[in-house]
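The following explanation leads the reader through a structure, beginning with the surroundings of its ligand and then turning to its sheet.

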Amino acid sequence: MSSPFGSAPSSALVAVDRAVSELRRGLSVAVSDPGGNVLHLTAAEYATAERLAGFVAAAGASAAPRLLLTNRRAATLKLRPLVGDPVALPLDAHLDAATIASLADPTADLDNPLRGPFAVLRRAPMAAEFAAVKLLKLARLLPAALVATAADTQGLLCVDADAITAYDDQAARALRIVSDARVPLADAEVARIIAFRPPDGGIEHLAIVIGEPTRREPVLARLHSECFTGDLLGSLRCDCGEQLRGAIRTIAAAGGGVLLYLAQEGRGIGLVNKLKAYRLQDQGFDTVEANERLGFDPDERVFRPAAEMLRLLGFDAVRLLTNNPEKVSGLVASGINVVERVPHAFPANNHNEFYLATKKAKSGHLL
Ligand SMILES: Nc1nc2c(ncn2[C@@H]2O[C@H](COP(=O)(O)OP(=O)(O)OP(=O)(O)O)[C@@H](O)[C@H]2O)c(=O)[nH]1
Ligand SMILES: [Zn+2]
């Protein structure tokens with residue numbers, strides 16, 4: 001790929017980011033794997049009769065169109081056999097567009113119980129099928145994919161399955177500091193905000209450096225995953241707003257440190273999907289079950305970007321403000337020395353009591 005600035009350093013990242021934009025628009029892309037499989041792919045949640053007919057026609061005869069669902073979603077639907085993740089449901093007369101959209105989006109499951117039986121293909125998934133679902137997750141869409149074997153990919157953006165599976169690591173490794181400004185905060189007057197971006201314009205993260213922490217000792221650090229509802233609106237469904245402001249106050253009182261503000265809304269599923277998870281929680285499911293019913297893992301975050309950001313700031317050892325052992329192990333696995341875990345809990349309210357209890361019971365939170 002050439003440009004006036006020379007060849008792009010990370011064309012694999014660029015291809016994945018472009019494919020993400022296409023899928024979010026309800027368009028199709030092609031995914032190819034090293035085994036020679038080439039798939040047409042589009043997001044199942046956008047299925048309408050017209051789009052489905054267009055997708056099947058574009059893929060051509062002998063394309064074996066199918067719906068891919070994660071094992072998490074398939075388990076909720078009691079689909080068998082689970083021969084690998086994802087599972088594939090051949091598009092037959094049972095699977096009209098409305099059924100496909102409801103299989104993708106469980107928020108109406110209770111109002112509109114799905115009537116099977118749905119057939120499942122008895123074969124292990126292809127690498128391209130696995131990558132197709134991962135690409136939808138990167139697009140912050142529901143992880144349900146309409147795919148068909150592609151004879152002709154003309155006019156479609158093509159992306160390698162390997163580039164999709166390697167995306168999280170590559171994007172983390174590519175992060176660079178692109179901006180740095182002094183921003184006095186109400187609770188920490190000496191503060192800077194430092195912005196990180198991969199050179200291809202992928203997902204940006206921020207660091208808030210409070211005071212002037214030395215690099216000679218482990219730094220007091222907090223990894224905070226973005227939460228629009230808690231951080232900005234003061235939602236009482238979670239503890240994020242209090243944890244955010246509490247971390248700034250604690251770090252300032254300790255004389256300095258760093259808060260990483262990570263673009264991982266909804267534990268990595270995105271804001272729209274988090275709102276769907278909230279609907280499921282209002283139907284009686286807990287925060288972990290809600291993610292699983294949507295087809296996601298309970299926590300989709302990776303902490304490699306945080307580790308790279310700390311390194312770029314010159315910190316390789318931290319005292320980590322968290323109750324979540326996965327954050328500790330995630331940083332350690334990415335080469336950061338976590339010398340201490342500093343508890344970071346706040347009193348519960350009527351609305352988040354069950355959420356906090358679930359994190360303790362199911363996600364190993366040390367509260
Ligand atoms: N999917 C989902 N995400 C949620 C829910 N409630 C809060 N979140 C997200 O959870 C993330 C906040 O988690 P954190 O406080 O960083 O981390 P933690 O795993 O609780 O660990 P701590 O460091 O102990 O706070 C934010 O991205 C929120 O948007 C929920 O019910 N469902
Ligand atoms: Zn929150």
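Which of the 23 residues around ligand 1 come nearest? In this predicted model, S225, C227, T322, N323 and N324 come nearest to the ligand. The elements that contribute two or more residues to the shell around ligand 1 are β10, α9, α10 (265–268), α11 (271–282) and α12 (287–293). Of these, α10 gives the most, with three residues. By residue class, the shell around ligand 1 comprises 12 polar, six charged and five nonpolar residues.

Seven strands form an open sheet in the order β7-β8-β9-β11-β10-β12-β13, and their pairing is mixed. Because β7 (176–182) and β13 (337–342) stand at the edges with a single partner strand each, one side of each is left without a neighbour in the sheet. From one strand to the next, the twist averages 25 degrees. In general, strands of a sheet pair through backbone hydrogen bonds, in either a parallel or an antiparallel manner.

One antiparallel pair within this sheet consists of β8 (residues 191–197) and β9 (residues 205–211), joined over six bridges. Within this pair, F196 stands opposite H205 in β9.

Helix α9 (residues 240–253) lies across β9, β10 (219–225), β11 (256–262) and β12 (317–321). The helix runs at about 170 degrees to β10.

Note on methods
Residues numbered from 1 in each chain as written. Chains lettered and ligands numbered in written order. Predicted model: local features only at pLDDT ≥ 70, side-chain atom pairs only at ≥ 80, totals over all residues. Pairing = 2+ DSSP bridges. Helix = DSSP H or I, 4+ residues; strand = E, 2+ residues; numbered from the N terminus. Axes fitted to C-alpha atoms, helices over the stretch in contact; angles between N-to-C directions. Contact = placed C-beta atoms within 7 Å. Near = placed C-beta within 6 Å. Nonpolar A, V, L, I, M, F, W, Y, C, P; charged D, E, K, R; others polar.
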